[in-house]
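Trainee: Could you walk me through reading a protein model, feature by feature?

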Amino acid sequence: MTARNLTDIVIIDETEPCPYLAEQMARMPLRMPLTKITPDECDIRLAEGHRRTGEFIYQTNCPNCNACEAIRIDVGQFEFSGSHRRVLKRGDSRFRQQFGPMKVDATRVALFNKHRRLRGLAKRESDIDFEEYAWGFVQSCFDSFEISYWLDERLIGLAVCDHGRRSLSAVYTFFDPELKSDSIGTYSILKQMEFCRANQFQYLYLGYYVEGSPHMRYKAHFLPHERLIGDRWLRFH
C-alpha cells in the first residue's frame with residue numbers, strides 16, 4: 001500500500017511566498033483524509049514525505065523549486081556524539097520532561113509566539129491565538145502527543161509529535177529563545193531519539209530539510225541521516 005492508494009480531498013492548492021527561501025513561491029496542497037489514518041498508514045505517509053498540519057496532510061509541490069527534502073534518522077544506526085551527550089547531560093540536570101496529550105492554554109500560545117518573534121520566524125505573520133494553535137497542533141488526523149520541557153515550574157519548550165507503528169514525527173518544536181545557550185532544540189531531538197529507542201521505533205522524522213535555509217541547517221548535523229530525493233531515501237554520513 002502507498003499513500004497514493006489512500007483517498008483524500010484536496011482543500012487548498014495555491015501558491016504562496018516560500019517560508020524558507022526568499023523570492024521562491026511555494027505550493028503545499030492541503031489534503032483532508034476521508035478515513036482515520038491508522039498507525040501503519042501513518043508510517044506510509046511519513047515514508048512518502050507527507051507532513052501534518054492540524055487535521056490535514058501536505059507535501060510540497062512547488063512550481064519552480066524542489067529544495068524541500070524530507071529528512072529522517074534511522075534510530076538503530078544513529079550514535080550519540082560527544083557533543084550530543086553533553087547537551088543531554090546538561091539538559092537532564094536542568095529540565096523536567098513531561099509527556100501528555102496535546103492541549104492549548106495561554107502559556108503554550110505565549111511561548112509559541114515568543115519563539116517565532118525572537119527567532120525571526122514570523123516576519124510576514126502576526127501572533128497566533130488559541131484557535132489557531134488548536135487548529136494547527138491539537139486537532140490531528142494522526143495519533144499525536146506533546147513533550148513539554150520545564151525549568152522548575154516554568155514551561156520553556158514543547159515538542160509536538162505524531163507517531164505511527166514504527167515511526168515518530170517531530171512536527172514542531174518551540175522553546176524560549178532566551179535560553180538558546182542550552183541548545184533546547186537539539187536537546188528535544190535527542191530526547192525524542194531516546195523515546196524512539198525505548199518504544200522500538202525505527203525512524204525519527206525531522207520534517208523537511210532545505211539547504212540554504214539557516215533555520216534548517218541544524219538538521220543536517222544529525223548523522224547519519226536519510227533524505228528523500230525524488231522517490232528514493234538517500235543516506236548522508
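This is a predicted model: local features need pLDDT of at least 70, side-chain atom pairs count only at pLDDT 80 or more; totals for chains, interfaces and linings use all residues.

Trainee: How many helices and strands does the protein chain have?

Mentor: Helices (H or I, at least four residues) and strands (E, at least two) are DSSP runs, numbered from the N terminus. Here the protein chain has 5 helices and 14 strands.

Trainee: What does the radius of gyration say about the protein chain?

Mentor: The radius is taken over C-alpha atoms, and the globule rule is 2.2 Å times the number of residues to the power 0.38. For 237 residues a compact globule would come near 18 Å, and the protein chain agrees because its radius of gyration is 17 Å. Its C-alpha atoms fill a box of roughly 45 × 40 × 35 Å along the principal axes.

Trainee: What share of the residues is buried?

Mentor: Buried means under 20% relative accessible area, exposed over 50%, and partly exposed in between, with a 1.4 Å probe and protein chains only. By that rule, 49% of the 237 residues are buried.

Trainee: Which residues have the most contacts inside the largest nonpolar core?

Mentor: A nonpolar core is a set of buried Ala, Val, Leu, Ile, Met, Phe, Trp, Tyr and Cys residues joined through side-chain atoms within 4.5 Å. The largest one has 56 residues, and F78, I156, L168, L190, M193, L204 and L206 have the most contacts inside it. A second, separate core of 13 residues includes V109, Y133, V160 and F174.

Trainee: Where do the cavities lie, and what lines the largest cavity?

Mentor: On a 1 Å grid over the protein atoms alone, a cavity is a set of points where a 1.4 Å probe fits but cannot get out; a pocket is an open set with protein on both sides within 12 Å along at least five of seven lines, and lining residues have an atom within 4 Å of a point. Grid points are joined across faces, edges and corners, and a volume is the space filled by probe spheres set on the points. The structure holds 2 cavities of 30 Å³ or more. About 50 Å³ lies in the largest cavity, which is lined by C18, L21, Q24, M25, C62, C65, A67 and C68. The second largest cavity, of about 30 Å³, is lined by L46, G49, H50, R51, A70, I71, Y205 and G207.

Trainee: Which residues lie closest to the centre of the second largest pocket?

Mentor: That pocket has a volume of about 450 Å³. Of its 20 lining residues, E48, Q59, C68, L228 and G230 are the closest to the centre. β7 (68–74) and β13 (225–229) each supply at least two lining residues, and β7 gives the most, with 3.

Trainee: And is K36 buried or exposed?

Mentor: K36 counts as exposed because its relative accessibility is 62%. K36 is in the loop between β4 (30–33) and α1 (39–47). Contact means heavy atoms within 4.5 Å; not counting residues up to four places away in sequence, K36 touches E41 and D143.

Definitions and conventions:
Residues are numbered from 1 along each chain as its sequence is written. Side-chain values use heavy atoms; hydrogens and water are left out.
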